[in-house]
Amino acid sequence: FMILMTMSAILTVICALCASLGSFWFCLVPFPAFAILLSVFTTPVISFLTSILILILFSLTLQIDLPLVETYLFGTLIASYLVPKINYSKRFDVITCGFWIGIGMAIMTFLIALFKIQDFAALCDISTIKSSALCLLNGIVSGIIALGVIPLIENMFKLITPYALIELADHNSPLLAKLQSKAPGTYHHSMMVATLCEAAAEAIG
């Protein structure tokens, strides 16, 4: 709950700042980062429902354009789908997730413009291309932000995420090195049990 409140407060400040600069700058609000972080620390369902609620509140209070709200909703849906598929042993996968979110948001922006204008030739104007490019950039930057913020939230709120578990499983960690030197039999037995548990967990899904 504290994580949700903290991230919501930060997102509100960013949205208010963008509102003072103009509606165009809402394309740069890193809302996908919020969805990625919530999916990592809670569940994708909670992330998606919370994002819908916050987007509705922002659209009513800050008067965000409806097409942009729809684009962010689509990006949130992609985040909720992709985050559970992340390989937590590779932190770069978060940035890859942000890239695909940006691709999805850019395509959504293009399709909304096509539906409104209904003229493919007219879509090649600079404003549509710029909005799509900003959405793609937003997704990539959101992935980078999420990757950098995850360790901060872990340390600040003392939370355990799959990333922290991967780090604890590092064979070069001081604790495992001490166990290996002091009790090698226990160490090898523990590693065998851990391997069996990992295989069982992967089989279960």
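The model is a predicted one. The protein chain holds 9 helices and 0 strands, and buried residues account for 36% of its 205 residues. Of the contacts with a separation of 6 or more, 68% join residues 24 or more positions apart.

**Helix H3**

- Helix H3 covers residues 44-61, and its 18 residues should span 26 Å at 1.5 Å a residue; the end C-alpha atoms are 26 Å apart, which agrees.
- Ser 47, Thr 50, Ser 51, Ile 54, Leu 55 and Phe 58 are the buried residues of H3.
- An α-helix has 3.6 residues a turn, so residues three or four places apart point the same way.
- Val 45, Leu 49, Leu 53 and Leu 60 are exposed on the other side of H3.

**Packing of helices H8 and H9**

- Helix H8 (residues 174-182) packs with helix H9 (residues 184-204) at an angle of about 125 degrees, and their axes are 5 Å apart.
- H8 and H9 are therefore oblique to each other.
- On the H8 side, the contact is made by Leu 176, Leu 179, Gln 180, Ser 181 and Lys 182; on the H9 side, Pro 184, Thr 186 and Tyr 187 take part.
- Sorted by class, the contact of H8 with H9 has 4 nonpolar, 3 polar and 1 charged residues.

Key
Residues are numbered from 1 along each chain as its sequence is written. This is a predicted model: local features need pLDDT of at least 70, side-chain atom pairs count only at pLDDT 80 or more; totals for chains, interfaces and linings use all residues. Side-chain values use heavy atoms; hydrogens and water are left out. Axes are lines fitted to C-alpha atoms, for helices over the stretch in contact, and angles run from 0 to 180 degrees between N-to-C directions. Helices (H or I, at least four residues) and strands (E, at least two) are DSSP runs, numbered from the N terminus. Angles under 35 degrees count as roughly parallel, over 145 as roughly antiparallel, 65 to 115 as roughly perpendicular and the rest as oblique. Contact means heavy atoms within 4.5 Å. Ala, Val, Leu, Ile, Met, Phe, Trp, Tyr, Cys and Pro count as nonpolar, Asp, Glu, Lys and Arg as charged, and the others, Gly among them, as polar. The expected span of a helix is 1.5 Å times one less than its number of residues. Buried means under 20% relative accessible area, exposed over 50%, partly exposed in between (1.4 Å probe, protein chains only).
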